[in-house]
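Please look over the sequence and the model shown here before reading on. The paragraphs after them are written for someone who meets this structure for the first time.

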Amino acid sequence: MNGRLAPLKDIVAIVGVGETDYAKDYRGSGGQAVEKGVARYDSYTLASRALKRALDDAGLTKSDIDGLCTANLSGERASELWGLNPRWSGSGDAAQCIIEATMAINAGLCTTVALVYGNAQRSMDTAYGGARVTGGAITSYFYYAPWGMTSQGALYALFFQRHKLLYGTTEEQLGAIAVAFRKHAGLNPNAVMQKPLTITEYLNAPYIAEPLRLYDYCLINDGGVALIVRRADMARDLRQRPIMVSGFGWSEENVDATQLRPRLKSFYHGAHHEVAAQVYPMAGVTPNDVDVFATYDSFSVHLLASLEGFGFCKEGEGGAFVQGGRIELGGELPCNTSGGMLSESYMQSWNHQPELVRQLRGGLGSRQVAGAEVAQYVHDVAGKCKSLIYTKGA
Amino acid sequence: MATARPVRAMDPYAEQFWAFTQARELRLQQCADCRKFRWPPGPTCDRCLSDNFDWRRIRGTGKVLSWTTFHRGYFPEYPPPHTVVVLELDEGPLFVSVPVEISPRELREGMTLALRWTDGQDRLGEYNLPVFGPMNG
């Protein structure tokens, strides 16, 4: 696997990032959270704003774009809005789009891809549980409704309950994750939730799907993110230092997924191990070399799974690992330094990429991971796992 | 009137599964070639890709793997608190269900629960819902 992926190392760079004003857009004039279901934005408004900012960040114009990945948007409508006739297009989560854009650039289909996501989920009052759940891609999200089973949060509650039963992981240990991410968000002026959270406040918050509490759940907010991915030899002499895509991996643990077997029997570690065996050798690094880490965090539990699955700690020891500030800025492995989807913005994998790029560019002030050279993102949605490693390149 | 429940996801195989419940029979597909039990129902065996299968009546016992209690209401038919349990059936498949005649506090990892039935209906019709309770219940 190493031999087959190695030629793709560092052939593309992230040259521009753009995000909308998550914090500002979340608050009404009185400073309180805007109501769900009151349409202030649509997804295209947010995506357009993020695209413009990413192009400005890179110092490029739309005429430089010859490939387009869209997420939560119609590719045709987005292209039309932005006056683009792409030579290649794709769609998916951030990691999938970056991997596929790399392959398209490597194949010579295009040189400069805009990856654009927009989600007006608060304006539209998008439901992630109950009778209004839509979409058939993941059967377990809707199949057990007759028994009253619904919501991705409840599926992760089953996951954490199993982890508790097998390993004795405590709710207080899990709470360290939400507390750490909130601490990071407090250093991020664009984070939706910046008010400090103590472990006592975490434990006093109501259960949603026990054993998960309010602060184990991500936000529901409006936003957009755009990334500009460019062939590395064309990435020099732009406005920003190019950040290299140095490694990636992809594996999906789908056998008996609706039964929840990989979720409850292996905690998706089968997929994690497959991805780890691709991403680290390709980038030529090990978990020890990772300076800043981000994981998909629709729920706090994701971090336990990815830390154990990618070998940062032993299986079952994630609860102990996240204690004592180890995952906080200044700790051994700072995780989700923007505040993540729990506290910065629920951009479904997209907001993690600008943060890792910024950490490698440097200059983030109090949020900066000193001397960051290697950044890793782990994506795991119901066992559909991918990972990316970014570096500053040669 | 049977108890209203959130609507079932339906396809030709699910339709057959739910039809058996009208006679209070919990039947899962077993591959006629390699004998693997599968759930949820579907057209092929994921182990050998055979489309030959039998609807086997299962023993109706399984061991508790995990559970969660909803403290927020998602379905009007299931006001909180509502508990859901995941069992590993003797035949192999994992099965999401509702624990009955036992409080969530009494659930234990590896505890054996046994099949019970309760009624149900949605806009697709009436059926019986397989739920699970204590062995000596």
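Predicted model: local features only at pLDDT ≥ 70, side-chain atom pairs only at ≥ 80, totals over all residues.

Residues are numbered from 1 along each chain as its sequence is written, chains are lettered from A and ligands numbered from 1 in the order in which they are written, and side-chain values use heavy atoms, with hydrogens and water left out.

Chain B contains one helix and eight strands, where helices (H or I, at least four residues) and strands (E, at least two) are DSSP runs numbered from the N terminus. Following the sequence, the order of these elements is α-β-β-β-β-β-β-β-β. The C-alpha trace of chain B spans about 45 × 35 × 25 Å along its principal axes.

Among the contacts in chain B with a separation of 6 or more, 53% are between residues 24 or more positions apart, a contact being heavy atoms within 4.5 Å. The accessible surface of chain B (Shrake-Rupley method with a 1.4 Å probe; for residues, only the protein chains shown count as cover) comes to about 6,500 Å², and carbon and sulfur atoms hold 48% of that surface. Chain B also carries 17 positive and 17 negative side chains, and the centres of these two sets lie 4 Å apart; Lys and Arg count as positive and Asp and Glu as negative, while His and the chain ends are not counted, and the place of a charge is NZ of Lys, CZ of Arg, CG of Asp or CD of Glu.

How many aromatic pairs does a search of the whole structure find? Over all chains there are 23, with rings of Phe, Tyr and Trp (its six-membered ring) pairing if their centres lie within 6.5 Å, and with planes under 30 degrees apart counted as stacked, over 60 as edge-to-face and the rest as tilted. The rings of B:Tyr13 and B:Phe53 have centres 6.3 Å apart and planes at 65°, so this pair is edge-to-face. The pair links distant parts of the chain, since B:Tyr13 is in helix H1 (residues 12-21) of chain B and B:Phe53 is in strand E3 (residues 53-57) of chain B, 40 residues apart. B:Tyr13 is partly exposed at 26% relative accessibility, and B:Phe53 is partly exposed at 26%. One aromatic cluster is formed by A:Tyr143, A:Tyr144, A:Trp147, B:Phe17, B:Trp18, B:Trp39, B:Phe95, B:Tyr127 and B:Phe132.

B:Trp39, a member of that cluster, is joined to B:Pro40 by a cis peptide bond with omega about 0°, and B:Pro40 is in the loop between strand E2 (37-38) and E3 of chain B. In chain A, a cis peptide bond with omega about 10° joins A:Glu210 and A:Pro211.

A:Asp256 has a positive phi of about 60°, and A:Asp256 is buried, with a relative accessible area of 16%.

Definitions and conventions
Buried < 20%, exposed > 50% of the residue type's maximum accessible area, 1.4 Å probe, protein only.
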